[in-house]
Amino acid sequence: MQAGKPILYSYFRSSCSWRVRIALALKNIDYEIVAINLIKDGGQQFSKEFQALNPMKQVPALKIDGITLSQSLAIIEYLEETRPTPRLLPQDPKKRAQVRMISDLLASGIQPLQNLSVLNQVGKENQLTWAQRVIAPGFNALEQILQSTAGKYCMGDEVSMADLCLVPQVANAERYKVDLSPYPTISRINKSLLALEAFQVSHPSRQPDTPPELRA
């Protein structure tokens, strides 16, 4: 690994890791990936080595500028503050707050309720119905909010941190067979974002640790 190059500890299917991969791609930051398999060996995130990097035993973790950061939104905010081009938070304080609101709705209000650790607790036979039950209320709220904020993307016509949270969550919803027909705005924005190169190169189907059968 090159000295000074950021290192992202990532799992191909992790939506939180995907958010950070999109940010790194948009900001054209060259980085190395260390794959942490959340399934293999009982979960490599539980190893002593990884726990030393992130005591929460979750991906992503990013080594950058001499520090190690975890929590995807904190990582994205740090990248925004230290490498501000292209910007992922609007200059206008009201729009910036709305971007953070949408990001938090997705990253705190939906994703943690259907992540791997929770699904393991509810049991394999209940995972699909549980995930559908917790994603739908969040998408109902988000669809309503986007009526007043969206242009081409979540906040007007510029890609923002909110979009980095949206696309991975829609992928989760599709994976758990959530009916997306009640969410035309979410679906339209998601389609527009998936056409962008940064969202394609960071996609779970195109990662170093993507299993061959899931590769694009």
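The legends below describe close-up views of a predicted model. Residues are numbered from 1 along each chain as its sequence is written, and side-chain values use heavy atoms, with hydrogens and water left out. Because the model is predicted, local features need pLDDT of at least 70 and side-chain atom pairs count only at pLDDT 80 or more, whereas totals for chains, interfaces and linings use all residues.

View 1. Strands are DSSP runs of E with at least two residues, and helices are runs of H or I with at least four, numbered from the N terminus. Lys63 has Thr68 of β4 as its bridge partner, and two residues lie between the strands of this hairpin.

**View 2. Two residues with positive phi.** Most residues other than glycine have a negative phi. Asp65, in the loop between β3 and β4, has a positive phi near 55° and is partly exposed, with a relative accessible area of 45%. Asn28, in the loop between α1 (15–26) and β2 (32–35), has a positive phi of about 55° and is exposed, with a relative accessible area of 70%. Exposed means over 50% relative accessible area, buried under 20%, and partly exposed in between (1.4 Å probe, protein chains only).

**View 3. Two cis peptide bonds.** The bond from Val59 to Pro60 is cis, with omega near 5°, and Pro60 is found in the loop between α2 (48–53) and β3. The bond from Thr85 to Pro86 is cis, with omega near -10°, and Pro86 is found in the loop between α3 (72–82) and α4 (93–109).

Terms used
Two strands pair if DSSP finds at least two bridges between them.
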